[in-house]
Every structure is written in C-alpha cells, then in structure tokens.
Amino acid sequence: MYVSLQDLGIFLVLITALAIGVFLVITLNNANKLVANINRSVTANDENIQSFLNNLNVATENISVLSAALRKNQDVFENKIPESINNFHAITTTLKHTSERVDSSINVVNASLMETATTVKENTQDVLTYIKIVSEGIRILIDTLKKK
C-alpha cells in the first residue's frame, strides 16, 4: 500500500485545518470569556457609568459656556490686559523715579538740617560766651560799686 503525494498533501491540509480549527475554538472561547467579564463589569458599574456620562455632559456644557465667555471677552484678553500691564509698568517706573527724587530731596534736607543744627549750636555757644562775658562785667561793676 502506497501513499501518494496527493494523499499526503490532503492529510497535511486536513491536519493543518484541524489545528487551526482547534486554535480558533480556543481563541473564540477566550474571547467569549473576555466579553462575559466585560459584560459583568459594565453591568456592575452601570450606575457609575451613567454618573460619568452625566458628568461628562455637564462638563461639555460648562466648556461650551466657558469658550463662549472667552470668545466674548477676547478683546479684554488681547488688548486691555496688555495695555493694563503697560500702564502698570509705566506707573512703577514713574514711582521708581519719584522715589529716587524723594530720596535725593531727603538727603538734601538732611544735609541742610545738619548744617543748620551745627550753625545753631555754634551760635548758641557764642551767645553763651557773650552772656558769660556780660555777666562777669556786670558782676565786676556791682562789686566795684559795693566797695565804694
């Protein structure tokens, strides 16, 4: 009994088809189990999924309102805010220059006050010296008049 090449080819094709069929059945069985697990998870979390979908709907509406508000206020964001920042920069620059001038003026006033205080102190010492001289003269005059 001889086995022809055609019989051998048919046998190999049938064995290959049978192996593919077995792998296909195993794969379909695993896919069926996976779908069953997914179905159980979806059923168990149905309330959470509904809550998520409701929150997603509300979030979408909020984003829509927010984007409408942003479009409405686009002029403020593009023009007014940069102008305000430029104005703020100008104000701070002016304040810086003003504070430098005030500092300079305070230094001048401080120097003038120190100079004035020094002059007053010197003048006061001179006046006290004159008062001592005059009082000595008066005392000498009084002592002279008493002796006579």
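What radius of gyration does the chain have, and what would a compact globule of 148 residues have?

## Overall shape

The chain has a radius of gyration of 54 Å, whereas a compact globule of 148 residues would have one near 15 Å. This radius is taken over C-alpha atoms, and the globule rule is 2.2 Å times the number of residues to the power 0.38. Along the principal axes, the C-alpha atoms fill a box of roughly 180 × 45 × 35 Å.

## Basis of the model

The model is predicted: local features need pLDDT of at least 70, side-chain atom pairs count only at pLDDT 80 or more, and totals for chains, interfaces and linings use all residues. Residues are numbered from 1 along each chain as its sequence is written, and side-chain values use heavy atoms, with hydrogens and water left out.

## Secondary structure

The chain contains three helices and zero strands, in the order α-α-α from the N terminus. Helices (H or I, at least four residues) and strands (E, at least two) are DSSP runs, numbered from the N terminus.

## Surface and burial

Of the 148 residues, 0% count as buried, a term for under 20% relative accessible area, with exposed over 50% and partly exposed in between (1.4 Å probe, protein chains only). V42, in helix α1, counts as partly exposed because its relative accessibility is 40%.

The accessible surface of the chain comes to about 13,600 Å², of which carbon and sulfur atoms hold 66%. Such areas come from the Shrake-Rupley method with a 1.4 Å probe; for residues, only the protein chains shown count as cover.
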